[in-house]
Every structure is written in structure tokens, then in C-alpha cells.
Amino acid sequence: MSSAIVFQAAQATPFMTRVRSQKPLIHCITNQVVQNFTANILLAIGASPAMVIAREEVQSFVTVANSLLINIGTVYQATSESMLLAAQQARESNVPWVLDPVAVGTVLPFRTRIAHELLAFRPDVIRANAAEILTLAGEQSSAKGTDSQDSTEAALDSALRLAEQYQTIVAVTGETDYITDGKTIYAIKGGDVALTRVTGTGCSLSAMVAALIAGAEDKLLATATACYMMKKAAELANKQFGLGTFAVSLLDQLSLLPANVSQGE
Amino acid sequence: MSSAIVFQAAQATPFMTRVRSQKPLIHCITNQVVQNFTANILLAIGASPAMVIAREEVQSFVTVANSLLINIGTVYQATSESMLLAAQQARESNVPWVLDPVAVGTVLPFRTRIAHELLAFRPDVIRANAAEILTLAGEQSSAKGTDSQDSTEAALDSALRLAEQYQTIVAVTGETDYITDGKTIYAIKGGDVALTRVTGTGCSLSAMVAALIAGAEDKLLATATACYMMKKAAELANKQFGLGTFAVSLLDQLSLLPANVSQGE
Amino acid sequence: MSSAIVFQAAQATPFMTRVRSQKPLIHCITNQVVQNFTANILLAIGASPAMVIAREEVQSFVTVANSLLINIGTVYQATSESMLLAAQQARESNVPWVLDPVAVGTVLPFRTRIAHELLAFRPDVIRANAAEILTLAGEQSSAKGTDSQDSTEAALDSALRLAEQYQTIVAVTGETDYITDGKTIYAIKGGDVALTRVTGTGCSLSAMVAALIAGAEDKLLATATACYMMKKAAELANKQFGLGTFAVSLLDQLSLLPANVSQGE
């Protein structure tokens with residue numbers, strides 16, 4: 001296994017700037033819990049979100065989008081059909097797409113099967129926590145809900161294997177984020193534990209990945225940039241008053257990137 | 001074409017006050033992304049929101065509501081049926097209703113067809129951006145997602161024609177809002193560009209229109225009042241820290257109307 | 001009728017502390033309007049929310065959850081099936097569960113029927129406003145939407161009867177909350193009227209009840225604790241700037257419990 005390269009803040013700047021200038025249109029088929037937060041986070045970083053979910057609409061819409069996000073957090077039969085149609089169309093039309101396989105595992109075989117069917121349309125990036133990556137790679141994980149009990153280090157081998165098997169990028173995020181294409185590995189420390197106590201930060205990170213890879217030549221660095229942005233915004237966000245203020249301040253800080261970072265470093 | 005009349009703040013006050021005293025019940029069938037924000041905005045201005053969406057329930061509920069909002073942002077087959085049933089019942093029971101035809105256009109023929117079917121039940125108000133109004137009027141627009149690239153001036157002719165054709169009020173909103181019944185045109189400038197960077201501000205404005213027209217004799221002025229309220233709240237809202245704080249402060253300012261306006265003028 | 005006992009702050013402390021240490025997994029099948037707010041409130045008090053709604057998934061998931069919340073606010077045919085499957089499984093597997101019968105009443109017979117079918121699976125707690133409790137007990141109520149016009153005092157007899165009939169706990173909440181198992185009645189005054197002007201505070205309170213009763217021996221005190229937490233957080237929350245800030249500050253205060261209470265008393 002190659003050793004991880006520490007991602008540098010300077011590598012993120014051109015990608016952050018490009019999103020603001022290009023305002024990519026991000027087609028989101030995501031879970032009901034986080035649709036509002038995801039849209040606001042995409043707007044904050046300069047992208048243009050659009051939640052289009054009807055099976056009659058997803059195929060034509062994905063062809064005009066700059067990238068696609070599929071998140072199976074609250075998947076059910078009807079939405080799974082829209083997801084599969086959209087993923088297939090994205091692959092056929094060379095629209096980059098991101099899979100967030102929320103809560104796959106032995107307790108939830110329905111979504112785990114959907115996730116594997118989606119993998120057949122080869123996402124450009126899989127963004128997940130350690131437990132989900134272990135599950136997709138066929139390993140044991142200790143998770144029950146959406147929170148991972150496993151460290152990202154424990155999932156790194158699985159991430160590398162998944163990346164090779166599906167010729168994709170895998171971002172396994174947690175206390176340290178690892179982003180790999182199966183060969184190079186970027187590592188990003190930092191962030192804040194408060195991120196785990198606001199719903200949708202992981203889901204929104206996957207949406208940010210979709211925004212960053214839209215039109216990017218180096219999708220590995222683009223994915224790492226999204227991870228870096230979330231960690232950095234969490235570090236800069238106000239943690240003085242409680243979780244409500246933190247969530248609002250996280251959005252504030254994302255909306256100020258990259259200006260607030262360059263000032264601080 | 002008649003020239004536009006500049007809407008005056010003083011015209012808004014009685015309508016704002018009346019919503020607070022009458023607390024109208026607003027039946028909302030809106031998109032999944034903005035349901036929470038919409039409900040909070042309606043509560044902030046003094047109305048009582050109720051999201052009732054089952055096809056088994058919409059008809060009986062609309063008859064006890066003071067007005068109805070239909071927003072097709074995340075429409076799919078099942079919800080389109082609820083929307084059509086509700087719109088038909090609203091027309092039959094003389095319950096005023098507002099149509100927000102989110103993202104209609106050539107890329108999305110499914111919802112565009114639904115929007116035209118809804119128009120047959122003659123909404124009291126259509127609240128939309130320029131691209132959507134151009135589409136409904138059969139003109140070309142440059143939009144792909146939910147953001148309009150067209151100016152409201154470019155859509156004013158279409159708005160007038162739509163208003164005449166469907167004997168309705170059209171509010172086409174953007175940098176300048178135009179509100180017309182096909183004869184009189186009110187214009188409202190102001191607001192803030194930050195409104196375009198928080199999801200659901202347009203959708204929530206449509207809900208505010210539904211609240212303002214409930215029981216109002218002059219629905220044109222009532223609609224203009226809703227547009228004025230959103231622009232004014234955006235002007236008063238805190239724009240110092242970023243988009244998270246702005247969205248919270250927008251709700252704050254809406255919840256203080258009209259007291260915060262009369263103080264400031 | 002037994003007279004009500006005033007709930008004491010000291011009774012809440014061990015329950016609040018236990019949620020933070022045990023981080024119970026709360027399976028939520030709730031309405032679309034409040035999913036995000038509910039998840040954030042559960043995270044704020046130390047619980048782990050999971051919104052799993054597919055009929056293919058609810059049964060297996062409820063067996064690994066520590067408790068279940070069912071809220072019928074935006075119920076429709078497909079979700080009603082998931083709710084019934086989950087409630088049945090919860091009863092069979094002895095997973096405690098909470099019913100929030102949003103807006104039951106004569107205007108909405110579909111959901112009222114679903115609520116009665118759910119009652120057959122005997123929830124551990126019913127958390128509702130006065131109008132909903134009156135409806136479930138077969139009395140007349142004056143409500144049309146989700147807001148209750150009836151006082152909790154007027155619903156106390158109905159609450160006691162419901163509690164006996166279904167061998168359950170009933171929490172009827174409003175200006176004064178009453179929590180009863182049909183024999184003992186706890187009363188909690190306080191809170192703030194602003195709670196009625198932020199969407200989802202009642203729905204989220206039901207989710208908090210689910211979190212508090214998970215693994216609790218004394219479910220009556222656990223339920224009262226949840227009610228106390230919401231009222232206390234509302235009292236401590238910032239009401240100086242408007243409803244947007246209030247909602248954020250409510251989350252802040254919930255995330256600081258119980259430390260912020262013991263300091264203040």
C-alpha cells in the first residue's frame with residue numbers, strides 16, 4: 001500500500017475559485033432529511049443545486065447537469081428507480097457522478113443491493129464513512145445506523161480495493177479523511193467533532209464533491225478539495241454557543257471560502 | 001403596454017397587519033427541499049401552514065384552508081395527482097390558490113405538462129422567475145435549472161399575456177419584481193442578491209403570496225405586498241457573516257414585520 | 001381524577017445524562033417538513049437519529065433501534081404501510097415506540113384511520129396536542145390544521161382515558177404539559193409562546209420522547225423529562241432578534257443540556 005500524502009491548502013484554492021466562477025449545475029437525488037441543507041451548502045460554495053427526482057425527469061435533466069449526486073439515505077422503491085435511471089444516463093453521457101451509499105450494511109439489504117446496482121454504473125467518486133466502505137468492499141463493519149464506529153484507517157485497504165475494482169475515486173471520511181484512486185492517497189486531518197453532531201454534513205460533503213469534480217481534469221484533487229473545505233469551514237465555525245449556531249456558522253464559513261482561509265494562513 | 005407603478009411601502013402595511021390578526025390556514029403542497037423553510041416563513045409572517053399531501057386528503061383539506069399553494073419543484077407522478085385534485089377543488093370551492101411552476105421548460109417536459117394542466121384550474125396568482133414565465137407563455141428561455149438567466153423585464157410582456165389569458169395575477173420576480181393582473185403593473189426594486197443564494201426564498205415567497213391573498217379583496221396589492229415583504233426583509237437582514245446568518249436573519253426580519261419597517265422609514 | 005404533580009427539574013437530570021452516555025439509536029418515520037430539524041434535535045440531546053422509511057427496510061431496522069418514532073404529519077398510502085409494518089415489529093420485538101398523531105380529526109379521515117390502526121400496536125407513548133388527544137378519544141375538537149385551539153386542561157380527561165384504554169403514556173402538550181399513564185399525572189408549566197411559531201417543535205418533542213424512553217425503566221418520568229427539556233430550552237433560548245434566531249438558539253440550548261440548566265438554578 002502506498003503511503004498517504006498530506007493534502008496542502010494551496011492545492012485547494014484553484015478548485016474552490018473555479019466553482020465560484022463556473023457555477024456548475026448539480027443534479028441531486030438525495031435523501032429527504034438533508035435536501036435543504038445540501039442545497040444551501042451547494043449555493044454557499046458557488047454551485048447551482050437542482051433536486052429533480054421524478055423517474056420521468058431524471059434522464060433528460062442529468063444530460064444538462066454538470067454533475068450528479070446520488071445519496072440513498074432515505075431510498076425506497078420509487079426513488080431507487082430514479083437513481084438507477086439517472087446513474088445509467090450519467091455514465092452514458094459522461095456526466096461525472098458521486099455515490100453516497102448511506103447506511104449500507106447487513107441490517108439494510110434493500111439499500112445495499114441498490115448500492116451495488118448503482119456501482120455497476122461506475123460512479124466517478126464514492127464518498128462514505130468507514131463502515132459503509134467496509135460494507136461495499138465485503139468486509140465486516142460495526143455500524144447500525146448512519147454513524148460509523150470504525151476508523152477511516154481501518155477502511156483504507158477496502159477503499160483502495162474498491163477504487164481499483166470500480167476504477168473510481170474513494171473518499172472515506174472521518175477524523176482523518178482519505179481520498180484515493182487506488183494508487184495515490186491524500187490524507188486530510190482537522191475538522192471538528194461537531195461535524196458529527198449536525199445532520200447532513202457527510203451528505204452535503206458528497207454534494208460538494210459533485211460540485212468540485214464538475215468539469216475538473218484532476219478529479220482526485222477536486223474530491224480532496226471538497227473534503228478540505230468541509231474540515232476547514234468546521235474549524236473556522238463558531239463553536240461557542242451550541243450546535244444550532246455551529247451549523248449556521250458552518251454555512252457562513254463555506255460561503256466565505258476561499259477568502260476566509262487565505263486570510264487565516 | 002401600460003407602464004409600471006412603483007409599489008409604495010404604505011400600501012403594504014394593512015395587508016401585513018391583517019395576516020397577523022387573521023392567521024390564515026395555508027394548505028401547502030410544495031417541494032421537499034423547502035417544506036421546512038416555507039413553514040417557518042409562513043409562521044414568521046403570522047400565517048398557519050399545513051403540509052397535507054396525500055391524494056386521500058387534499059380535497060377535504062383544501063375546503064377548510066384559507067388558501068392553497070402548489071409548487072412543482074420536486075413533483076413526481078403521485079404528488080402530481082394530489083396537486084391536480086387540490087387545484088380542482090380549490091377552483092370549485094373558491095379557495096384562492098397560487099401556482100409556483102418551478103423549473104418548467106423544454107428540459108423537463110413532465111412538469112411542464114403538469115403545470116399546464118394546473119393552469120386549467122386557473123390559479124389566482126402565478127409566482128415565478130422570468131424563465132418560468134417565458135416558458136409558460138410559450139417563449140424561449142435560457143434557463144436549465146431553477147435559476148433564471150433572463151431578466152424580469154424580458155418576461156414582462158409574457159407576464160401580461162399570461163395574466164390576460166388565464167384571468168390571473170402574475171408575479172414575475174427577480175432584481176425588479178413585476179406584479180400584474182394584465183392591466184395594472186406594480187414594480188418593486190430592492191431586495192438583495194443574497195436572496196438568490198439561499199434555497200427556497202422564491203418558493204417561500206409564493207407561500208407568502210398565498211397567505212397574503214387569503215381573504216383579501218384586492219389580490220393584486222396583496223400579492224405585491226408579499227413581494228415587498230421579502231425584498232424588505234432581505235434588505236434589513238444581516239449580511240455581515242455569510243449565507244447561514246443571512247438566512248436566519250431573513251426569518252428574523254420577516255417575523256418582525258411590519259414593526260421593523262415602520263421604524264426604519 | 002387524580003390531581004397533577006408538578007414535575008421537578010431534579011427529576012430530569014439523570015434521564016438527560018443517560019441519553020448522552022448511551023446515545024440511543026432512534027428510528028424515525030416522521031413527516032417531510034421536520035425531518036432535518038428532528039434529526040438535529042436528536043443529535044443535540046445526544047441521541048443518534050436514523051430516518052429509514054422504505055417498506056423493505058423498516059422491519060429489520062426497528063429491531064436494531066433502541067426506539068421508534070412514528071409521526072403521521074405528511075402520511076400517504078406508501079408511508080402508511082411502512083408505519084404499520086414498523087409499529088407491528090416494534091410491538092413484537094419489544095422496541096419502545098412513540099406515536100405523534102399529527103392533525104387527526106374529522107377533516108382528515110385518512111390519517112385518522114391510520115392513527116387508529118397504529119394504536120392497535122399499542123405505542124409506549126402518545127405525544128400530541130389537545131385537539132389531537134380529544135380526537136383520538138372520540139371527543140369534539142376545534143382544530144383544523146396542526147395548531148390546537150383547545151387547552152391541554154380541556155383534553156386531560158381524554159388523555160387519562162386514552163392512557164387506560166391503550167395501557168400507554170399520554171403526553172398532551174401546550175401551555176401546560178400533562179404527562180400521564182392513566183394514574184399518575186405530571187404537569188409542566190413554562191416554555192415560551194415562540195415554540196408555537198417554529199415548525200416542528202412538537203414533532204421534535206415526540207422524537208425526544210422516543211430518545212428518552214429508550215432503555216428507561218420509568219417511561220413516565222422519561223417522557224416528562226423530554227417535555228421539560230423542550231420547555232426549558234425555549235426559556236433559555238434567545239428571543240431578542242426574531243424567530244430565526246430563536247430556532248437556532250433553541251438547538252443551542254438543547255445541545256447544552258443539562259449543563260446550562262444546573263448553572264441557571
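Reader: How do the axes of H2 and H10 in chain A cross, and at what angle?
Author: In this predicted model, the axes of helix H2 (residues 35–44) of chain A and helix H10 (residues 243–256) of chain A cross at roughly 30° and come within 8 Å of each other.

Reader: Roughly parallel or roughly antiparallel?
Author: H2(A) is roughly parallel to H10(A), because angles under 35 degrees count that way.

Reader: Which residues make that contact?
Author: H2(A) contributes Asn40(A), Ile41(A) and Ala44(A), and H10(A) contributes Leu251(A), Leu254(A) and Ser255(A). By class, the contact has 4 nonpolar, 2 polar and no charged residues.

Reader: Switching to chains A and C. How many residues does each give to the contact?
Author: Chain A gives 27 residues and chain C gives 27 residues.

Reader: Which elements of chain A give two or more residues to that side?
Author: H2, helix H5 (109–119) and H10 of chain A. The largest share comes from H10(A), with 4 residues.

Reader: And how does the side of chain A that touches chain C divide by class?
Author: That side of chain A has 12 nonpolar, 11 polar and 4 charged residues.

Reader: Do the copies use the same or different surfaces?
Author: Different surfaces: 11% of the contact residues of chain A recur in chain C.

Terms used:
Residues numbered from 1 in each chain as written. Chains lettered and ligands numbered in written order. Predicted model: local features only at pLDDT ≥ 70, side-chain atom pairs only at ≥ 80, totals over all residues. Axes fitted to C-alpha atoms, helices over the stretch in contact; angles between N-to-C directions. Parallel < 35°, antiparallel > 145°, perpendicular 65-115°, else oblique. Contact = placed C-beta atoms within 7 Å. Nonpolar A, V, L, I, M, F, W, Y, C, P; charged D, E, K, R; others polar.
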